Amino acid sequence: MSPLLEIEDLTVDFSRDGRVTSRALRGVSLTVDAGEAVGVVGETGCGKTLTGLSVLRMLPENATASGRVSFDGQEMLELSDRELRSIRGKQISMVFQSPGTSFNPVFTVGYQIGLVAERHLEVGRPEAQELVAETLHAVGLPNPESVMRFYPHELSGGMLQRAMIAMAIICKPSLLIADEPTTALDVTIAQQILRLLRRLQREQGFGVFFISHDLDLVSDFCDRIAVLYAGRVVETGVTAQLLGRPRHPYTRALLEALPGRAQPGAPLPTVPGAVPTALGDATGCPFAPRCPLVVERCFEERPVLAPAGPDQAAACHRWDAL
Amino acid sequence: MSSNLLELTGVAKAFPVPGSGRKRASIRAVDGVDLVIPQGRVFGLVGESGSGKTTVARCVLGLTPLSEGSIVFDGIDLATADSAVRRRLRREIQIVFQQPMAALNPRMTVDNLIAEPLTTHHLARGAALRERVGSLLEDVGLSATHLHRYPHELSGGQAQRVVVARALASGPRLVVLDEPTSALDIVVQAQILNLLVDLRDEHGLTYLLISHDLSVVRHLSDRIGVMYLGRIVEEGPAAKLLGSPRHPYTRALLASTRGRGSTTLDEPAPISGEMPSTWDIPSGCRFHTRCALRDQLGRPATCETTDPVSVTVGADHVAACHFADGATITVDGHEGTLNPDDPVRGN
């Protein structure tokens, strides 16, 4: 069976005046199976959000994507705008980081969610509004009939995020892209939202593409994890395995840098240097200048993602030294 | 004289609500906070958005007058200090903000940014100024190559180092760290946390750390206070408060941040509902509307009617909960002992 979503060698270039100014994704390959939750983690600028946006072809105008994004048998990068519109919001939907800026402030929440149903499910307004009430109830909002009549600013961040999830699931998509869905929320509310997403995923069976910088959240939610560094997947694997025995020194560095694991006050292990810029590209491994395991070969030959133990793959020449 | 550098007693801050007419309505963002920080120690204040942590910080910095209570810094009451003393205190109490990019003037270079507090407070000029800027730069782990850069030419971590250097420039004794790493990536966060630990040791600094992130607070703090709706509901030594939390809210917060695959998302969330608005603080115990312990105990009436006072639950460890002491309780005719180590779960 082919995966629900298959991203292969995806590259995204930004250009200005016809010249490529930066290469943000440098050949990302990822799959999400039906009903599966895959986490994409990495630091700011590693390309995790861009990967998510590429799936829906919602890239900025000066960006060009190449490679392959195949969803449910359709080549996303080759579809016409019209075909694309019939997929966005219906078969693939997205939950954004800041619910406060993702709703239009001048329309009520119910009206905005209803538009999605009217457009994709070919139902009239009254029927759509009924469906909205049902869906708001399903995402755990009390008194859906009154919440529908609220404007976005009248709802708290947690309630708005529930409303955004309602908008995302109203057409029963088969893939949900969640881009830092809880980052703007307090920890206690974040836990409620994660549980809501999990329950809906169980009930409706959609796959989840979960983008986050937070390894803890991702490990709670996802079946598999892909770690991105400077526009490439450097490691991917089944959650427990990848966290328990990281096979890429960058993954290990991310895990060790979390303060929750260390003795209070003790120095936290960090890696020197900074992420390379999106301009130009070294011949070898992009992590080599910061890597504690570096050998000469790392500067000469770029490692490709290769099996590194069962259900795990790493782009590192020295994965077995970890 | 005591060795406490900072002492807050009954600090309250109410903000008038505009447009509320003759009623003179106000919201109490901070409602009776007591805390002390001995010289050289780190006090961590945790809580959700709207719990009042940043308002406490603003009061300590003298950015906003108190409605009630007092703040005593090094034996001086901030409210009654004369202007000369206040000027000195501005040097001695500094702050590191959450968003480094927003805290740095985009039109100033790094050397001018770091020199600014030194010239403002007439602490150095000429060659001595340049030398001091150089040594501050070194203190925060930057080098001369950064001197002539503008904020937009720095990474987030470098910018936060500049913010720390500015805070250090005037030779402070107390530094308020308001979410110092919340805007940073994991690896950069680790670098800044290491820097903050080193600086505290080298300069004998005292920190008031404000954060919503329990793991950051745990890493840096000697003592921790947990805030909820303007009050500190539990306070104690870091290891004890996190190791055996006694207030149901602290337990829920901890359960929310345990993470790393140990959380089963099929179980109910550690805490239900949202924090009520400061407009509408619940009667009795202000946490009772979300309290799992109250539900477990069969909703005793006292939670709704009586505002709990902080009781001692261990050495140097207090919690404001009617049932925090784990004593034998009788609820609806059933007698039982509440084990403080029992996990508390929401519904």
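A residue counts as buried here if 20 or more other C-beta atoms lie within 10 Å of its own, as exposed if 12 or fewer do, and as partly exposed in between, with C-beta atoms placed from the backbone. Residues are numbered from 1 along each chain as its sequence is written, and chains are lettered from A and ligands numbered from 1 in the order in which they are written.

- The predictor gives the complex an ipTM of 0.89 and a pTM of 0.90.
- Chain B has a mean pLDDT of 89, with 90% of its residues at 70 or more; pLDDT is the predictor's confidence in each residue, from 0 to 100.
- Two stretches of chain B stay under 50 in pLDDT: residues 328-337 and residues 343-347.
- Where pLDDT is low, the predicted coordinates should not be read in detail.

**Where the chains meet**
- The contact draws 35 residues from chain A and 31 residues from chain B, two residues being in contact if their C-beta atoms, placed from the backbone, lie within 7 Å.
- On the chain A side, α8 (187-204), α9 (215-221), α10 (239-244) and α11 (249-256) each give two or more residues; helices (H or I, at least four residues) and strands (E, at least two) are DSSP runs, numbered from the N terminus.
- α8(A) gives the most to that side, with 8 residues.
- That side of chain A splits into 17 nonpolar, 12 polar and 6 charged residues, where Ala, Val, Leu, Ile, Met, Phe, Trp, Tyr, Cys and Pro count as nonpolar, Asp, Glu, Lys and Arg as charged, and the others, Gly among them, as polar.

**A:H213, a residue with partners in both chains**
- A:H213 sits in the loop between β8 (207-212) and α9 of chain A.
- A:H213 is partly exposed because 19 other C-beta atoms lie within 10 Å.
- Setting aside neighbours within four places in sequence, A:H213 is in contact with A:V41, A:E43, B:D185 and B:I186.
- A:H213 and A:T44 are 169 residues apart in sequence, yet 7.8 Å apart in space, C-alpha to C-alpha.

**Inside chain B**
- Chain B has 12 helices and 14 strands, and buried residues make up 45% of its 347 residues.
- Helix α6(B) (residues 156-169) has 13 of its 14 residues buried.
- At 1.5 Å a residue, α6(B) should span 20 Å, and its end C-alpha atoms are 20 Å apart, which agrees; the expected span is 1.5 Å times one less than the number of residues.
- After α6(B) comes B:G171, with a positive phi near 70 degrees.
- One open sheet has 4 strands in the order β2-β1-β4-β5, with antiparallel pairing; two strands pair if DSSP finds at least two bridges between them.
- The edge strands of that sheet are β2 (26-38) and β5 (76-77), each pairing on one side only.
- B:V72 stands opposite B:D77 in β5(B).
- Strands β11(B) (residues 311-314) and β12(B) (residues 317-319) pair in the antiparallel sense over 3 bridges.
- In that hairpin, with 2 residues between the strands, B:D316 takes a positive phi near 60 degrees.

Note on methods. This is a predicted model: local features need pLDDT of at least 70, side-chain atom pairs count only at pLDDT 80 or more; totals for chains, interfaces and linings use all residues.
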